[in-house]
Amino acid sequence: MASAFDRIAEIIAETSDVPRENIKPESHVIEDLGIDSLDFLDIVFAIDKEFGIKVPVEAWTQEVNSGAAPAEQYFVMQNLAARIEELVAAKGG
Amino acid sequence: MRLEYFQMIDRVLELAPERITAEALVPAASPVFEGHFPGHPLVPGVLLVETMAQAGGFLLLSRLNLSRMAFLIGTGAVKLRSFVGPDTRLTVTATLVHEGSGFAVTDAAITAAGRKVAEVKEMKFSIQDFPAPELAEAMRGRAREVGLLKDQNS
């Protein structure tokens, strides 16, 4: 089984115009990869299906907008992958 | 249907947690038919897509107990299988595919006389707070008109 990072990177490459090789662990999904909100929703839909979870995008956005969490915590690829792994683990547990 | 007011759904026939069936009667006359097309009136395909989107929207509004609004933001594959003219009774179904955080996805289809005339896969909706109280009230009014609220506390 590929890592969460690889599976998410594949989803982003398939869903958007970003070449797979440009998607690195330190890539910021919005600032570096240029994913807009509509493409990001498609990506989240694909992640939800791929991992059988419900990515809490609204809660994340609220945390970032209120200053409770830095955007990097959710929107840098390696951190996004870690959050997804946590959600999968929470579902399984 | 009141095509020129974008009121596509006339009444809800069946409502389940993940599926809605509704009825839409194409009017005998509408200004829309004067342009689309002269001498050969047809419901524009985009309005059939809108009809399916409104069925999906009502399903989502019901799931949200009308606390938030569903805005269409995209669709997957659309098939318009046959022409739809005036005075046609349409049955519109929408089925929940996925409910995410701040968005939802439905499939939908339209049949006439038991024959499928249109279908759409993966209509995506952004779920947002009502941006204006007038819109919230208008949607509650429409929900009552089409019978969406008959089994709920309105």
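The following dialogue discusses how to read several features of a predicted model.

Colleague: What scores does the model have, and what pLDDT does chain B average?

Modeller: This is a predicted model, and it scores ipTM 0.89 and pTM 0.92. Chain B averages a pLDDT of 95, with 97% of the residues scoring at least 70.

Colleague: Which residues of the largest nonpolar core touch the most other members?

Modeller: In soluble globular proteins, nonpolar side chains tend to be buried together. Here, the largest nonpolar core has 60 residues, and those touching the most other members are Ala22(B), Met52(B), Ala55(B), Phe58(B) and Val92(B). Helix H2 of chain B, residues 45-63, supplies the largest share of this core, nine residues. As for Met52(B), its contacts include Val92(B), Ala108(B), Ile110(B) and Met123(B), leaving aside residues up to four places away in sequence.

Colleague: Is Ser37(A) buried or exposed, and why?

Modeller: Ser37(A) is exposed because it has 11 C-beta neighbours inside 10 Å. Ser37(A) is found in helix H2 of chain A, residues 37-51. An unreviewed UniProt entry places the feature "modified residue: O-(pantetheine 4'-phosphoryl)serine" at Ser37(A).

Colleague: How many residues does the contact take from chain A and from chain B?

Modeller: The contact takes 12 residues from chain A and nine residues from chain B. On the side of chain A that touches chain B, the elements giving two or more residues are H2 and helix H3 (57-66) of chain A. H2(A) gives the largest share of that side, six residues. The residues of that side divide into eight nonpolar, no polar and four charged.

Definitions and conventions:
Residues numbered from 1 in each chain as written. Chains lettered and ligands numbered in written order. Predicted model: local features only at pLDDT ≥ 70, side-chain atom pairs only at ≥ 80, totals over all residues. Core = buried A, V, L, I, M, F, W, Y, C linked by C-beta atoms within 7 Å. Buried ≥ 20, exposed ≤ 12 C-beta atoms within 10 Å, placed from the backbone. Helix = DSSP H or I, 4+ residues; strand = E, 2+ residues; numbered from the N terminus. Contact = placed C-beta atoms within 7 Å. pLDDT = per-residue confidence, 0-100. UniProt positions renumbered as here; feature names shortened; annotations may be inferred. Nonpolar A, V, L, I, M, F, W, Y, C, P; charged D, E, K, R; others polar.
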